[in-house]
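Here are my notes on this model. Please keep the structure open while you read the points.

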Amino acid sequence: MIRAGFLSADDRASVAALLRDGSAEHRLTRRANAVLLLDDGWSCEEAAKALYLDDDTVRSWAKLYREGGLKALTRFESGGSASHLTLAQEEALKAWIGATLPRSTRHVGAYIEKEFGVVYESRAGLIALLHRLGLAYHKPEEIGRKLDPKKQQTFIAAYEDLLNSMDPDEAVLFVDAVHPTHAARPVGCWGPAEEKLAIEQTSGRQRLNIHGAIDLETGKTAMLDVETVDAVSTIRLLEAIEAMYPMLVMIHVFLDNARYHHAKLVQEWLAQPGRRITLHFVPAYCPHLNPIERLWGVMHKHLTHNKSYATYREFAEATLTFLREKVPKNWPEFCDSVSDNFRVINPKDFRVVV
């Protein structure tokens, strides 16, 4: 707790003069205002609320003044100014971040204060320092444990050869299953600073089982709402795909290596006379080579991010309507997000976080 009356009469006059100086920067006068309020007996929380700040910022300004007086209060660390750290300290900071991968600037600031005795009261200034040191904020990419770059390259080459050799009476579709749960997914968004946002919770216990397919050329979809995703649902989906294209001679279906896709029941169905579907299997542990996986991400973005449905039925209807009707109807809007722009993922290109 910061006690009132910590400023001497001369110090208070100096800070007050800074506050009333019409030529002083706004960010500087806010610091002076905060210090005066604390000297009047306000708590850090009360001063922060009055100045539309967070109490940690006010507390750091008080510490700056206590340790360095008015001169420290008028010093800023921003992108264009000189760093508070020496070159040796900067190298030590880079090494620490590289070794520990801290998750927030709060952790970085705490480390700098503890190790070097330097306080960065501005988050923007700290971020500018990190960028200047060649550091960036990352979100690790999920990759399979057994990715094989050669198999990925072979698959991509075979896929491109197929597209280049197809006749007009052939088509390509991608198949997968998804299990969206009746639950809202809170995500960050912009809004009025004075408002607190919330999403109503749902039970989150019921989920859809969707076995689906998409044609990247046209945006056509086949989306089955099934009790269980298995060999039987696979056959139902393949039958629906054939019904979608009654005039085509051959339909190439790409899908993953789920056991039910390889089931004997499915193989027997494919062997029946007159079947027009050929299965092509995506390499194991390579969901990035199945574009329909991207469609599921688009689905969540439009249906579950910051959206809540009062009943499971409403959620199910919205999901199936989106996949069956809105995606094909608005395919030009979605096609860039659900594309076959494949890439090879090599684990050797990543530092795997453990």
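How many helices and strands are there in the protein chain?

1. **Basis.** This is a predicted model, where local features need pLDDT of at least 70, side-chain atom pairs count only at pLDDT 80 or more, and totals for chains, interfaces and linings use all residues. Residues are numbered from 1 along each chain as its sequence is written, and side-chain values use heavy atoms, without hydrogens and water.

2. **Count.** The protein chain has 13 helices and five strands. Both are DSSP runs, numbered from the N terminus: helices are H or I with at least four residues, strands are E with at least two.

3. **Overall form.** The radius of gyration is 30 Å, well over the 20 Å that the globule rule gives for 354 residues, so the chain is more spread out than a compact globule. That radius is taken over C-alpha atoms, and the rule is 2.2 Å times the number of residues to the power 0.38. The C-alpha atoms fill a box of roughly 100 × 50 × 35 Å along the principal axes.

4. **Burial.** Of the 354 residues, 38% are buried. Buried means under 20% relative accessible area, exposed over 50%, and partly exposed in between (1.4 Å probe, protein chains only).

5. **The sheet.** Five strands form an open sheet, ordered β3-β2-β1-β4-β5, with mixed pairing. Strands pair if DSSP finds at least two bridges between them. β3 (221–225) and β5 stand at the edges with a single partner strand each, so one side of each has no neighbour in the sheet.

6. **β4 and β5.** Strand β4 (residues 250–255) runs parallel to strand β5 (residues 277–281), and five bridges join them. The chain gets from β4 to β5 through helix α10 (residues 264–270), in a right-handed β-α-β crossover. Right-handed means that, with the strands pointing away from the viewer, the path from the first strand over the helix to the second runs clockwise. Phe-254 stands opposite His-280 in β5. Val-253 has Leu-279 as its bridge partner there.

7. **Ala-231.** Is this residue buried or exposed? Ala-231 has 12% relative accessibility, so it counts as buried. Ala-231 belongs to helix α9 (residues 231–244). Leaving out residues up to four places away in sequence, Ala-231 touches Tyr-260, Ala-263, Leu-265 and Val-266. Contact means heavy atoms within 4.5 Å. His-261 is 30 residues from Ala-231 in sequence, but their C-alpha atoms are 6.3 Å apart.
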